[in-house]
Number of protein chains: 2
Amino acid sequence: MTLPDDSDRRPIASVDLVIFALAEAGLAVLLMRRGAAPFAGSWALPGGWIHPGADADLEAAARRVLREKTGVEAPYVEQLQSFGNAGRDPRGWSLSIAYVALLSAEEALRRGANAADVAWHPAAASPPLAFDHDAILRAALARLRSKVEYSTLPAHLLPAAFTLSELQSVYERILGRNLDKSAFRKRIADAGCVEAVPGAMRRASHRPAQLYRLKQARATAFFDRIL
Amino acid sequence: MTLPDDSDRRPIASVDLVIFALAEAGLAVLLMRRGAAPFAGSWALPGGWIHPGADADLEAAARRVLREKTGVEAPYVEQLQSFGNAGRDPRGWSLSIAYVALLSAEEALRRGANAADVAWHPAAASPPLAFDHDAILRAALARLRSKVEYSTLPAHLLPAAFTLSELQSVYERILGRNLDKSAFRKRIADAGCVEAVPGAMRRASHRPAQLYRLKQARATAFFDRIL
DNA sequence: CCACTTAGTGTGAAACATCAACTAAGATAG
DNA sequence: CTATCTTAGTTGATGTTTCACACTAAGTGG
């Protein structure tokens with residue numbers, strides 16, 4: 001087996017990020033306006049080339065792009081899927097490894113729409129995107145929606161401490177339907193993925209609510225059954 | 001944004017396949033013995049470089065490798081995950097897009113262990129593999145096991161027409177536990193993914209069994225609930 | 001101290017899982 | 001021709017889980 005030495009026998013390889021955060025209206029995705037050809041002026045997912053010299057592995061490349069584009073250091077990042085074909089980039093056969101990142105609303109505000117060419121858009125009603133980024137975004141949304149059904153992944157869209165009502169609201173906004181309160185709390189309790197923060201309560205002009213946090217900050221727990 | 005022109009700024013990109021079939025003993029995986037360095041003499045997953053000139057897209061590259069290595073044309077193929085880092089291949093920063101393929105036992109017999117350097121191994125007890133192929137195989141097994149719980153994916157390990165008892169047996173062998181006959185049949189019926197082949201029966205020295213086929217040959221249906 | 005709001009729990013009917021028995025339909029042996 | 005064996009496919013009885021909804025708890029503000 002010989003190595004493909006010519007650069008035209010190696011595809012162009014990049015990392016693209018679908019960065020989600022929860023806005024008032026629903027799920028939002030971070031898009032950038034392209035400054036250079038191809039697709040100059042179009043909205044696109046944040047992305048960048050893999051730097052074999054600088055990136056230890058694929059996820060490191062994804063986190064580097066995330067840091068460069070949003071300034072956020074270490075939220076939840078998960079590989080989505082790879083997209084590669086002859087037509088997606090007019091410059092030649094190209095390969096994109098797509099990642100999904102979840103930010104809490106406060107992280108999303110800290111950085112994000114600070115420049116004219118970076119903006120949050122409704123995930124379900126985004127403008128037409130460059131390359132095949134529409135397909136990547138659709139795949140990311142499908143992945144997120146399906147994982148919401150049976151995992152604690154949506155907790156990463158909240159700050160470190162949250163109430164169970166807030167968590168339920170996140171599930172409901174992503175799924176687009178209401179969940180039963182007692183069943184939801186039973187699922188979360190059975191999964192054993194969150195723990196009460198002792199003494200910490202969310203106070204408002206009504207009964208205070210217990211604050212919870214994820215037991216393992218980066219991990220995602222799975223339910224026995226669908227929500 | 002400029003293209004990374006130097007070939008050392010583009011990673012080496014290949015496609016690796018985890019090809020599963022069902023043997024008497026359980027799930028089997030197709031491995032090849034490497035003839036050339038690196039890892040000459042080691043067992044490895046079948047794989048090959050992406051050929052930007054010949055492969056329309058990633059899945060086409062995976063199907064080409066499958067065809068070249070096993071002679072099988074069009075079974076179930078699904079992208080698993082991409083693996084990329086500086087250390088997995090001693091020749092440099094390399095990227096592998098891993099695919100899972102499912103073959104029926106008859107297809108597996110037709111081609112497969114025809115050459116000395118290609119052999120079926122028990123998926124759960126494979127020899128040490130070259131590169132990071134052990135990790136890829138583990139990820140493929142995990143994906144398969146989890147999908148078995150809530151989808152009709154195992155049907156692709158059977159020939160086009162099969163009885164419900166045969167299908168249940170496939171689930172049981174992959175899951176390693178027995179399933180209730182009436183509950184299993186209800187799930188399959190509710191999923192609406194299979195249809196009876198009119199008049200076709202599997203005959204033996206006992207009551208004949210109705211033959212079924214998947215409604216959409218390539219698609220995988222999902223259950224409302226876990227098996 | 002009463003009204004209001006959200007937090008968190010309890011409850012009964014319906015759905016489901018589980019286990020096991022039952023009937024069905026062929027082959028085969030005597 | 002009939003009894004028996006084997007697997008196909010169905011039915012039912014029982015305990016558990018789910019689901020919708022109502023209820024109690026605990027704070028604020030008037």
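How many bridges join strand β1 of chain B to strand β2 of chain B? Four, and the two strands run antiparallel. The model described here is predicted.

**Strands around β2(B)**

β1(B) and β2(B) form a hairpin, with two residues between them. Leu22(B) stands opposite Leu27(B) of β2(B). β2(B) also pairs with β7(B) and with β3(B). Met32(B) faces Val118(B) in β7(B). In β3(B), the bridge partner of Met32(B) is Ala44(B).

| Strand | Partner | Sense | Bridges |
|---|---|---|---|
| β1(B), residues 12–23 | β2(B), residues 26–33 | antiparallel | four bridges |
| β2(B) | β7(B), residues 118–122 | antiparallel | five bridges |
| β2(B) | β3(B), residues 43–44 | antiparallel | two bridges |

**A helix pair in chain A**

Helix α3(A), residues 133–150, packs against helix α4(A), residues 164–175, at an angle of about 135°. Their axes are 10 Å apart. That angle makes α3(A) oblique to α4(A). The crossing is left-handed. Leu144(A), Arg145(A) and Val148(A) of α3(A) meet Tyr171(A), Ile174(A) and Leu175(A) of α4(A). By class, this contact has five nonpolar residues, no polar residues and one charged residue.

**The surface near DNA strand C**

Around DNA strand C there are 18 residues. Ser165(A), Ser182(A), His206(A), Gln210(A) and Arg207(B) come nearest. Elements giving two or more residues to this surface are α4, α5 (181–191) and β10 (206–214) of chain A, together with α5 (181–191) and β9 (206–214) of chain B. β10(A) gives the most, with four residues. The surface divides into four nonpolar, eight polar and six charged residues.

Key:
Residues are numbered from 1 along each chain as its sequence is written. Chains are lettered from A and ligands numbered from 1 in the order in which they are written. This is a predicted model: local features need pLDDT of at least 70, side-chain atom pairs count only at pLDDT 80 or more; totals for chains, interfaces and linings use all residues. Axes are lines fitted to C-alpha atoms, for helices over the stretch in contact, and angles run from 0 to 180 degrees between N-to-C directions. Angles under 35 degrees count as roughly parallel, over 145 as roughly antiparallel, 65 to 115 as roughly perpendicular and the rest as oblique. A crossing is left-handed if the near helix is turned anticlockwise from the far one by less than a right angle, and right-handed if clockwise. Two residues are in contact if their C-beta atoms, placed from the backbone, lie within 7 Å. Ala, Val, Leu, Ile, Met, Phe, Trp, Tyr, Cys and Pro count as nonpolar, Asp, Glu, Lys and Arg as charged, and the others, Gly among them, as polar. A residue is near a molecule or strand if its C-beta atom, placed from the backbone, lies within 6 Å of it. Two strands pair if DSSP finds at least two bridges between them.
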